[in-house]
Amino acid sequence: MKKTKIIILSLFALAFFATTFQRVTAQNSSEPWTQQQLLAPSALAKTINNTKAAQPLVYCIGPQAIIKNSIEIGSAQVPSNLKNFKQQISRLPKNANIVIYCGCCPFDVCPNVRPAVNLLKEMKFTNFKLLNLPRNIKVDWIDQGYPVAE
Amino acid sequence: MKKLLFIIALFCINIPVIYSQTIGLEIGNRAPDINLPNPKGENIALSAFKGKIVLIDFWASWCPPCVKEQSELVVLYNRYKDAEFTNGKGFEIYGVSLDNKKANWENIIKKAYINWTQVSDLKFWASPVAKTYNIQALPFNVLVDGKGIIIAKDLHDNDLEYFITKLLSGGETKSKN
């Protein structure tokens, strides 16, 4: 009897963990980027400040290029800007070290990050990162004293 | 003569009291003044609206929740712009845009039928006003009374209108942020 109870409880526990895991996985997979493709602002700032380090190509796909040496594309939600971005990166090797950022708003309401990430994926780029600016470019970059465009 | 001296002394004593209202971002502080150009390029100061209840609305055309909120503000503005408040006569919105492209800013003003004062230095998140007001996210707003004193911060939707109606009714307004 005791054995049966243990088996039933174990099955319930297994079902609970399986459901939870499924939910978490579903949440992560709802975005076109993976956790590994998110780049910490401190890491990018460190690279930019180290002039001897290999520099990535940093593209701003938001309203304005704030980060030092970044290339302004314009808001990726605008089809002409996305087309321009496609033209610019089409010349690059598929393993090019690319970083994109917007920073207008938190990711959940940002209209620009998804079209840009999807384009990079469609074009089969293998080494691109999305700068992790969970709030915006002011709070997560400017206020941190990281290098800005002059 | 003694009477005159007494009045002058009284006046001098009160000067620091009158002007010591702390400028800051907390409720009860005097809101820092803003003086930026409107779309026509004419500078308009926040202090020009002294005497009215003013909602300082920080927004941008590139911020989807801000654009969505503009249509709600249109309703609010038309409903209360001529209202009498316990601590101000009339309701005004002072829209401060963190846009960087004038055309985009003007486009939303036109599309959303915004008919209140709009100003911007078109410097995006690098605008000094974003630093002065310690803006952490958009949309953000600050409500000031007729004396320019902050009475509420970051109120949206029903919370904002509820707060305004409390000012109308003459009831005691609790600080809310």
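**View 1. H3(A) and H4(A) cross in a right-handed sense.** A crossing is right-handed if the near helix is turned clockwise from the far one by less than a right angle, and left-handed if anticlockwise. This is a predicted model: local features need pLDDT of at least 70, side-chain atom pairs count only at pLDDT 80 or more, and totals for chains, interfaces and linings use all residues. Residues are numbered from 1 along each chain as its sequence is written, with chains lettered from A and ligands numbered from 1 in the order in which they are written. Helix H3 of chain A spans residues 79–89, and helix H4 of chain A spans residues 113–122. Their axes come within 11 Å and cross at roughly 30 degrees. Axes are lines fitted to C-alpha atoms, for helices over the stretch in contact; angles run from 0 to 180 degrees between N-to-C directions. Helices (H or I, at least four residues) and strands (E, at least two) are DSSP runs, numbered from the N terminus.

**View 2. Side by side: the residues that link H3(A) to H4(A).** Leu82(A), Phe85(A) and Lys86(A) of H3(A) meet Pro115(A), Ala116(A) and Leu119(A) of H4(A). By class, this contact has five nonpolar, no polar and one charged residues. Contact means C-beta atoms, placed from the backbone, within 7 Å. Ala, Val, Leu, Ile, Met, Phe, Trp, Tyr, Cys and Pro count as nonpolar; Asp, Glu, Lys and Arg count as charged; the others, Gly among them, are polar. Beyond its neighbours within four places in sequence, Phe85(A) is in contact with Tyr59(A), Ile61(A), Ile73(A), Ala76(A), Ala116(A) and Leu119(A).

**View 3. The parallel sheet of chain A.** Five strands form an open sheet in the order E1-E5-E4-E2-E3. Strands E1 (38–39) and E3 (71–72) of chain A are the edges, each pairing on one side only. Strands pair if DSSP finds at least two bridges between them. E2(A), residues 57–60, pairs with E3(A) over two bridges, and Tyr59(A) stands opposite Ile71(A). Four bridges join E2(A) to E4(A), residues 98–101; Leu57(A) has Ile98(A) as its bridge partner. E4(A) pairs with E5(A), residues 128–131, over three bridges. Here Ile100(A) stands opposite Leu130(A).

**View 4. The largest nonpolar core.** It has 74 residues. Ile61(A), Phe85(A), Ile100(A), Ala116(A), Ile56(B), Phe58(B) and Leu138(B) touch the most other members. Strand E3 of chain B (residues 53–59) gives the largest share, six residues. A nonpolar core is a set of buried Ala, Val, Leu, Ile, Met, Phe, Trp, Tyr and Cys residues joined through C-beta atoms within 7 Å.

View 5. A cis peptide bond joins Leu138(B) and Pro139(B), with omega about -5 degrees. Tyr113(B), not a glycine, has a positive phi near 55 degrees. Tyr113(B) is exposed, with 11 other C-beta atoms within 10 Å. Phe124(B) has 25 such neighbours, so Phe124(B) counts as buried. The cut-offs are 20 or more other C-beta atoms within 10 Å for buried, 12 or fewer for exposed, and partly exposed in between; C-beta atoms are placed from the backbone.

**View 6. The contact between chains A and B.** Twelve residues come from chain B and 14 from chain A. The chain B side divides into ten nonpolar, two polar and no charged residues.

Terms used:
Contact = placed C-beta atoms within 7 Å.
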